[in-house]
Amino acid sequence: MGVLVNVPTEWKGGRQVGESGNRLKEQFSRFCPQKVIPLWSHRGHTGNAIVEFGKDYACFGNALNFENHFEAEGYGKRDWEARRFRDPGQEMFGWELEDEGSRKTDKLVGHLASQIEVKTKHAEELESKYNETTSSLEKIMEDKELIIQKYNEDIQKLQQISRGHSQKIIDENQKLRSELDSKMQDLDLKSKQLDDLVQRSDYDRRNLQKEKEKNETKAKYLKMASHEQQRADDNVLKLVEKHQREKQAALDEIIKLEQKLDAKQKLELEIKQLQGKLEVMKHMPGEEDSESKRKIDELNEELQDKLDEMDAMESLHKTLLLKERISNDELQDARKKLIEGLRDIITNGRANIGIKIMGDLDLKSFAGACKHKMSKEDAEVTASILCSKWENEIKNPEWYPFRVIIDDSGKEKEILREDDEKLRELKEEYGEEVCGLVTNALVELNEYNPSGRYSVPELWNFKEKRKATLKEVIQFVLRQWRACKRKR
């Protein structure tokens, strides 16, 4: 065991602190100490430490080297006693604590250890001879066991041959007995089958009669259902034809209205011309003779006729406008009825005519667009989040990313703002395709339901990507009806 004194410390946090035991152990690792224990008091680190070495001879040598090192450097025990009450400096002092008696004991222990080593070597030699004798005996016993095992195997083979012969005779007898039992069972089974056939003949006749009656009842109900379906198909066809006639009548009314409007505009032009001529006649210089008065009277009379005709045409125009409004309402009602009907009729997703939800965001399209930038699983999750988020954004009436321009015909037109912050961020983060899906939905909502800002159904021509006319929808419904009729 060794001791360290004058270990550097400092006053910190109201107490003395210094190097830990592990740091000191690393510092003197060349002497292989087992443990370094700093000594502490109520004031903190005392500046002293105990160095523990092992109990064997090698550790004793390390302890001596530890003491010799400090003595050679001038920092041994005598140096410390000479300088402890003066300025000892910053260096540590160290020495061994073992006395002379301990050294003698260690020397005696070393001598005893050498004797034990000699005796151990002799014991190992005896053990080696014992192992050789044991191995020889084991080999003899193994040879004996092999002879006995071979004898037993020969006896077992003879026994197996004998048992096999006996088992073969038993198996043949059992096989013959099984064949006899099987033939007896076949005879019993055939006898039972003959008895069952006799009994079933009457039972099957009764069952066939019942099935026949059931089939006749089912046929009766199916026939009634077929008549009802035929009646419903006829009603659908009549409704479609009625809508077609109403549409044609509305178109004729619109044409008449346009013709009347042209005539009205022409009449207004003629009235303006007559009024201009009349004013010119009134302000012509010269005396008013009978000829001039006659022309003025004729112009006044012609002007009055034109005004009367204008009033009659105005009245007719109002009547036609009212009829047009009624026809338009009927056409809108017909489109609504067709939308409701087509939801039940259309089952093929590849049909050219169908219903499109205007302003709706398609989750599959979002997922397809996101797959270009991420994995399939991440694309589906991201598409679901984006679709939900932008559905809420589109329906928000406070967000209006449109601006008004004047087109070539002089009419006002709303277009999307290219500098809208939300659309620009969406385009930068997820690309053109995702941004295009959102802008298309915005344009559709602004066209079909700008005030409500919610998606609406519309009859749609998917082949030409436009709003379907009533004529196209009616033709499609007729084709569907005829196809169903041929299948029946």
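1. Helices (H or I, at least four residues) and strands (E, at least two) are DSSP runs, numbered from the N terminus. In these terms, R23 lies in helix α1, residues 21–27. The structure is a predicted model, in which local features need pLDDT of at least 70 and side-chain atom pairs count only at pLDDT 80 or more, while totals for chains, interfaces and linings use all residues. Residues are numbered from 1 along each chain as its sequence is written, and side-chain values use heavy atoms, with hydrogens and water left out.

2. Overall composition. The chain has 10 helices and 11 strands. Of its 488 residues, 24% count as buried, where buried means under 20% relative accessible area, exposed means over 50%, and partly exposed covers the range in between (1.4 Å probe, protein chains only). The accessible surface comes to about 36,800 Å², and carbon and sulfur atoms account for 51% of that surface. Accessible areas come from the Shrake-Rupley method with a 1.4 Å probe; for residues, only the protein chains shown count as cover.

3. Contact range. Contact means heavy atoms within 4.5 Å. Among contacts between residues at least 6 apart in sequence, 63% join residues at least 24 apart.

4. R23, in α1, counts as partly exposed, with a relative accessibility of 48%. Its C-alpha atom is 8.8 Å from that of V36, a residue 13 positions away in sequence. C32 is placed in the loop between α1 and β4 (35–41) and is partly exposed at 46% relative accessibility. The phi of C32 is near 55°, a positive value in a residue other than glycine. Most residues other than glycine have a negative phi.

5. N62 in helix α2. N62 is found in α2, residues 57–73. The residue counts as buried because its relative accessible area is 18%. Leaving aside neighbours within four places in sequence, N62 is in contact with F31, C32 and F53.

6. Helix α4. A263 lies in α4, which spans residues 100–282. The residue is partly exposed, at 31% relative accessibility. The C-alpha atoms of A263 and M313 are separated by 8.4 Å, although the two residues are 50 apart along the chain.

7. Packing of α6 on α7. Helix α6 (residues 363–370) and α7 pack at an angle of about 130°, with axes 8 Å apart. Axes are lines fitted to C-alpha atoms, for helices over the stretch in contact, and angles run from 0 to 180 degrees between N-to-C directions. The angle makes α6 oblique to α7, given that angles under 35 degrees count as roughly parallel, over 145 as roughly antiparallel, 65 to 115 as roughly perpendicular and the rest as oblique. α6 passes α7 in a right-handed crossing; a crossing is right-handed if the near helix is turned clockwise from the far one by less than a right angle, and left-handed if anticlockwise. L363, F366, A367 and C370 of α6 meet A379, T382, A383, S384, L386 and C387 of α7. By class, this contact has eight nonpolar, two polar and no charged residues. Here Ala, Val, Leu, Ile, Met, Phe, Trp, Tyr, Cys and Pro count as nonpolar, Asp, Glu, Lys and Arg as charged, and the others, Gly among them, as polar.

8. Packing of α7 on α8. α7 and helix α8 (residues 421–430) pack at about 170°, with their axes 13 Å apart, and are therefore roughly antiparallel to each other. T382, L386, W390 and E393 in α7 meet K422, L426 and Y430 in α8. The residues of this contact divide into four nonpolar, one polar and two charged.

9. Packing of α7 on α9. The axes of α7 (residues 376–395) and α9 (residues 432–448) come within 11 Å and cross at roughly 30°, which makes α7 roughly parallel to α9. The crossing of α7 past α9 is right-handed. L386, W390 and I394 of α7 make the contact with V434, V438, A441, L442 and L445 of α9. The contact has eight nonpolar, no polar and no charged residues.

10. K465. This residue lies in the loop between β10 (456–461) and β11 (466–467). K465 counts as exposed, at 69% relative accessibility, and has a positive phi of about 55° although it is not a glycine.
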